[in-house]
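Please work through each task before reading its solution.

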Amino acid sequence: MESVAGLACTICGAQYEADEVAYVCPRHGDDGILDVVYDYNSVRASLTKQALAASQRRSIWRYLPLLPVDADLALRLAQGTPLGSVGWTPLYDASRLASSLGIRWLGVKDDTCEPTASFKDRASAIAAVKVREQGAEVITTASTGNAAAALAGMCAAVGQPNVIFVPRSAPEAKVAQLLAYGSTVLLVDGNYDQAFDLCLEVAREFGWYNRNTAYNPYMSEGKKTAALEVCEQLDWQPPDWIFVPVGDGCIIGGIHKGLQDLVALDWIDRVPRLAGVQAAGSSPLVDAWERGLEGWQMEPVEAHTVADSICAALPRDRNKALRAVRETDGVYVSVADEQILEAIPTLARECGVFAEPAGAAAYAGLVQAVESGIVRAEDSVVVLATGSGLKDITGAKKALRDKPLIVAPTLDSVRKALARTG
Ligand SMILES: *Cc1c(COP(=O)(O)O)cnc(C)c1O
Ligand SMILES: [Zn+2]
């Protein structure tokens, strides 16, 4: 926290002290999403590549000087709890997939193995520290499921009361996860966007700390840790591309922020191109990018997709999400639900990573980008696998044509069944 210089509005650039505004730029209201600004000289004084190489902290907390939290408090809360296990996820060398796609190298960043089984733990871990810093009694969020589960899990880890707003359409497994962690769960009879607005209103009314994606400027700071990790895991030689599934746009905005931090520190000399992947039925950012619109010019769409975690009518972090792709000479692509579903068994079989639909969407986007010549044979690519397949078994089942073989409990029956499969 010592290295945080302030907050800057993503629309007007106005700068504020960290304790001067709560969440958004007062001039721009809920649209005035803020960037966290660092004093990189101060970061450099306490974080070096050498220190990182020797660090025993195999979690996001290895990057503490680049995180907007009270370091002592964070370490105290993380000590011996799941909060201490967030991040530093594996980056697999997916050589079979790379050769079938015909590209030079493919890495799969596996966030299915986070403590609550999604990428959202990176942000919620920060939130679980922030609420203590602020001294609020309750923390709240609205979510399609994973941000909620992540917040619930991180709160359970440190004994923090929390209230979660989820749309009624959220997958059962995700709601079960919330209840298991002991959260107060409000199932909102409406969509995610309505749950989000309701959560903002309730938090204001009751003085709760608000984790809502985009609205809370610190969530992208948690999400940026994946970019820091990818670069460190590749010995500070970033890939040509990073493919990111995009709903609200907080992950892709965070990845961009992490890369900007590393450029400012002079730790990388080249920024990967960011590819944002949206589901065709929920692709307002693809549309805005193609038409050259700014975030504040975007209108809500009717959003429908099998990938519930990237279903967003009006992406909350649209300013950062558009900027991430524009400033890195990246692309936005949309993929049909069938392509997303197909990517689930492909990733599972060819790389051993079982992802939920949104978690496999980035890979589906890569397949399409290779087919359309956007990604070329000489390119190296990292794909984010953002959530576990166990989160949404109904989704996974839609993707599977194979059926289990039913056998009698005899050797003969097994022989016959195997013979039938060839
Ligand atoms: C939230 C989520 C995303 C999308 O992240 P945004 O910040 O909303 O763009 C992708 N995949 C999974 C599994 C998620 O939970
Ligand atoms: Zn502003």
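**Exercise 1.** Determine which residues come nearest to ligand 1, and identify its polar contacts.

*Solution.* Step one: of the 16 residues around ligand 1 (a heavy atom within 4 Å), those that come nearest are Lys 120, Asn 146, Asp 248, Gly 249 and Thr 386. The model is a predicted one, in which local features need pLDDT of at least 70 and side-chain atom pairs pLDDT 80 or more, while totals for chains, interfaces and linings use all residues; side-chain values use heavy atoms, without hydrogens and water. Residues are numbered from 1 along each chain as its sequence is written, with chains lettered from A and ligands numbered from 1 in the order in which they are written.

Step two: consider the polar contacts, here pairs of N or O atoms within 3.5 Å. Thr 386 places a side-chain N or O atom 2.7 Å from a nitrogen atom of ligand 1. An oxygen atom of the ligand lies 2.8 Å from a polar side-chain atom of Asn 146, and a polar backbone atom of Ile 251 is 2.9 Å from an oxygen atom of ligand 1.

Step three: taken alone, ligand 1 exposes 380 Å², of which the protein buries 98% (Shrake-Rupley method, 1.4 Å probe).

**Exercise 2.** Describe the open sheet that contains S8, S7, S6 and S9.

*Solution.* First, the four strands follow the order S8-S7-S6-S9 with parallel pairing; strands are DSSP E runs of at least two residues, and two strands pair if DSSP finds at least two bridges between them. Next, strand S8 (184-188) and strand S9 (209-210) are the edge strands, each pairing on one side only. Finally, five bridges join S7 (residues 162-167) to S8, and Val 166 has Leu 187 in S8 as its bridge partner.

**Exercise 3.** Explain why one side of S2 and of S3 is left without a neighbour in the sheet.

*Solution.* First, the open sheet has the order S2-S1-S3 and antiparallel pairing. Strand S2 (15-16) and strand S3 (34-38) stand at its edges with a single partner strand each, so one side of each lacks a neighbour in the sheet. Lastly, S1 (residues 4-9) pairs with S2 over two bridges, where Leu 7 has Tyr 16 as its partner.

Conventions:
A polar contact is a pair of N or O atoms within 3.5 Å; within protein, one must be able to donate a hydrogen and the other to accept it, and residues adjacent in sequence count only if both atoms are side-chain atoms.
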